[in-house]
Amino acid sequence: MLSVSLIHRYGWWLLSGLGLLCLLAALFTWPRFSHPAPLRVGKQTVAHPQWAAGRVSSPLGSEEHIVAMGDFNGDGHQDLALTNGDPNAGPGSVYTDPQGAVTLWLGDGLGGLRHGAVLRALEATLLASFDADGDGDTDLLAASRHDDSLVLWRHDGRGRRVVEFIPMPWWGTTDMTTGDVDGDGDPDILIPDGTRLQVGLNDGRGHFHWQSQDMRPDRKSFEPSDMIERIALADVDGDHDLDLVSVQNQGRVLFNDGRGHFGHEQDLPATGYSLAIGDLNGDTRPDLVLDLGDGKLGVYLNDGTGQFGADSLSQQVGQPEPRAIPCWVALGDVDRDGDVDLAFNFGDDVWVRLNDGRAHFEPAYHIATPPAALEELHLADLNHDGRLDVLSPLSVREPGSGQPARASLSNLRLPTSADYYEEVDQMPTGPGGMAVEAVVAAAMQRRLVVPPGHSFSSSRPPYYVRLVVGPTGAVEHPELGGRISPGIDSAMLDALRQLRLVPGRLHGRPVRVALQLVPGLSGEGPPLTFPPTPLPGEEPIYTDVEQLPAFANGEALLPRLRREALAHLILPDNEPVPPHARLVIGLVVEKTGDVHGYRVLESISPDIDAALTGGFGSIPRLLPGRRQGKPVRVALRLVVEPTGRNAPLRQSEAARLEARTRQQGEARRLPGETDTRFLRRILPLSLSYSGRVISYVWRPTAFGKQLFLAVRSQGENEYGTDLLVLDPYRPNTYALRILPLEDMGDLTNLESLFFTDVDHDGRLELLALKECSLKDVGWTDKHGQSSYGHFSHYATDVFRLAGTDRAGRPRYVRDTTSRPYLDELPTAAAVRKALAKH
């Protein structure tokens, strides 16, 4: 979707109070939720003293045209309309309401928003705001990808909306824009339809007469580049009517004859997806800014006839790496000097490039934003302070998750000393002009102590480094990518903090500059020995004890680890296993029962070693070993031999067995077969991934316990987890049920599985405690400057028994009751305690 504000039809191209809306198709299938939460704007997440950032909770979706802005209740303040997206578009789209609702958020003129009406008429995926009937108030237009009509909510001037359906002579649409294309003074509707353009001409009273125009150059043949999907309107040739700009597929301009017919076309010098239009060089002609992908923006200046010159913005913005994350582009007068500046995002950060009025842009400065991936940028003065605000949808939630989506509502501002750049006139250096990367590598190498079993070279360094060089040359906020050990990592960070460099400069003044480096480090540790020699001050490690470490139920440790390793081993079809191969692993069990870690003492091959040790999963706290009745540190050797009857499954066979079981929805268990061998035979891939099987009597039955294991989800729930339940409903016959645990914004894992009587009715429900690590505010200092990091968030899903199907197989359903008091509780004990109080 491309949406721009057109105010003056006679050559002047200015930004309206709504600013420019630049949208790009959503990449992420983020989680969604069903019911809108109250919208809040607070000071607790302020990113900078002058960036009045707050966290906004709202039911935001993530498709094109998900936001329209206007005064929807006639109080003179900017309001928001939010469509909840497309529930049927599959991966790449999101929604927040199964009925395709449109939610209004009403502004108070101070930057605050309150929940307004929820409008339902169709699966709305596109929105536009305009005065359809010329009565001076703002009406709301909605379209869908899956319907043959538009919905117009007319505002009667007293805060009430009258719904009206506008039939369309075709089915569905991918974009929509409005503007006066026939010169009669009222706004018309334009909708792309493959190679055709559907134009709804307004009679001035909000009634539309539709014309269908063939956009193929020769009106006969078909080429994929003839398709029109993303459109915007602007008077690019100075003849006082609105022309059509299309930038996807074949970028081109279609010129208007003044009566709403688009004919002669002019190719654009580039194609893209995200577009902003405005007068960048002060000649009153609309120019273009395009997201070109790979972290690049292009600026194309108009010569007044609709011809656009070569890209005049040669510098790269953001991270210069291939990406699929969209870059949203918007234009507005950030520094209030009378020209439009460029605002854009890269990932979850907002950047600004100030314009000198001649389409020459200063280097981009970074503005910290509340966490999560931005999905759009909207510019408007929402609080009437004369400065542009930014509204940016951040994330959405799956239906039933109970977690609100968020948006950033903030003031745009000029750069402060707290901001950093990634590209300046004079980049930071070391003393004497030495390269910063060389200075960093030398400082880290001096402090580097390579532990036993580690070796690396400059061609395969253990770290990459990100840091900010401050205006004094001090190193700020150093971060390490890669790990060796906590002690060594801490020493590396200390080495970085002690550096003093020559700061970068912009226009002669020192500024903060962010750098990402890969320092060339090399080294090899001493020979690996086992048991390891205790460090000074550590207690001794024993190999001969009276009582070996064991699991909490008394089960012997080494036999179980050996079984789990072999049960989880699945190799590629062409991966050979040497005769008499064996893997020897050393591990240390601490006095507390924690496992110190694995060390491969005798290897088979890197791939087989990784597959075997990966099968251990997360070992729970053990009963520690004892010597003379006291708990001590114990070193153990585990020998695994993947040969003979323990020969590994091959990938193709494992995939075949897994697919058969999932398709049949049930499996037979052989007499005397252990849980692990049963699962390895019917669900080998799931068992290999899960690492842990839970056996429990949830549904009382005479045929045995249910088996539960969690695996990474398949299909649309890409970032979530599936809970597989094997339930015996006949002798030696198990029904397979898959319960999806929907994601919380990123990769979501099962933290704990437990059973409790949620409603105090004497029946147990299954509860799945989920964990997800999301970028969030770590702390905010006294000046309002925030620091961000990744923090764990928690939610609990509840499932109930729901009888049986016709074949007698058990059924389960998700309990959709809202329980906000369970949010962010990190343990099963905390969840049980909260349920007991309610």
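Modeller: What follows is a set of questions and answers on sheets, cores and single residues.

Modeller: This is a predicted model, in which local features need pLDDT of at least 70 and side-chain atom pairs count only at pLDDT 80 or more, while totals for chains, interfaces and linings use all residues. Residues are numbered from 1 along each chain as its sequence is written, and side-chain values use heavy atoms, with hydrogens and water left out.

Biologist: Happy with that. What makes β14 and β15 paired strands?

Modeller: Strands are DSSP runs of E with at least two residues, and helices are runs of H or I with at least four, numbered from the N terminus. Two strands pair if DSSP finds at least two bridges between them. Strand β14 (residues 196-202) and strand β15 (residues 208-214) have 7 bridges in the antiparallel sense, so they pair under that rule. One of the bridges links Arg196 to Asp214 in β15. The two strands form a hairpin with 5 residues between them, and Gly204 in the turn has a positive phi of about 95 degrees.

Biologist: Why are β20 and β22 called edge strands?

Modeller: The open sheet has 3 strands in the order β20-β21-β22, with antiparallel pairing. β20 (275-278) and β22 (296-300) each have a single partner strand, so one side of each is left without a neighbour in the sheet. Neighbouring strands here are turned by 20 degrees against each other on average, direction ignored; the axes behind such angles are lines fitted to C-alpha atoms, for helices over the stretch in contact, and the angles run from 0 to 180 degrees between N-to-C directions.

Biologist: How do you know that β21 pairs with β22?

Modeller: Strand β21 (residues 287-293) is joined to β22 by 5 antiparallel bridges, and Val289 has Val299 of β22 as its bridge partner.

Biologist: What makes a group of residues a nonpolar core?

Modeller: The set must consist of buried Ala, Val, Leu, Ile, Met, Phe, Trp, Tyr and Cys residues joined through side-chain atoms within 4.5 Å. The largest has 32 residues, and Val440, Met444 and Leu496 are among those with the most contacts inside it. Elements that each supply at least two residues include α1 (436-447), β33 (475-481) and α2 (486-497). Domain 3 (274-418) and domain 4 (420-452 + 461-527) both give residues to this core, so it lies between them; the domain bounds come from an automatic or database domain assignment. A second, separate core of 23 residues includes Phe551 and Leu571.

Biologist: Why is Thr721 called buried?

Modeller: Buried means under 20% relative accessible area, exposed over 50%, and partly exposed in between, with a 1.4 Å probe and protein chains only. Thr721 has 4% relative accessibility, so it counts as buried. This residue is found in strand β48 (residues 721-730), and its side chain reaches the backbone oxygen of Thr748 at 2.5 Å.

Biologist: What does Arg832 touch?

Modeller: Contact means heavy atoms within 4.5 Å. Not counting residues up to four places away in sequence, Arg832 touches Phe754, Phe755 and Thr756. Arg832 lies in helix α8 (residues 828-837), and with 38% relative accessibility it counts as partly exposed. Its C-alpha atom is separated by 9.6 Å from that of Phe754, 78 residues apart along the chain.

Biologist: Last one: what makes the phi of His507 worth a look?

Modeller: Most residues other than glycine have a negative phi. His507 has a positive phi of about 55 degrees although it is not a glycine. The residue sits in the loop between β34 (504-506) and β35, and at 52% relative accessibility His507 counts as exposed. Thr284 also has a positive phi, near 70 degrees. Thr284 is in the loop between β20 and β21, and at 27% relative accessibility Thr284 counts as partly exposed.

Definitions and conventions. Polar contact = N/O pair within 3.5 Å; in protein donor to acceptor, adjacent residues only side chain to side chain.
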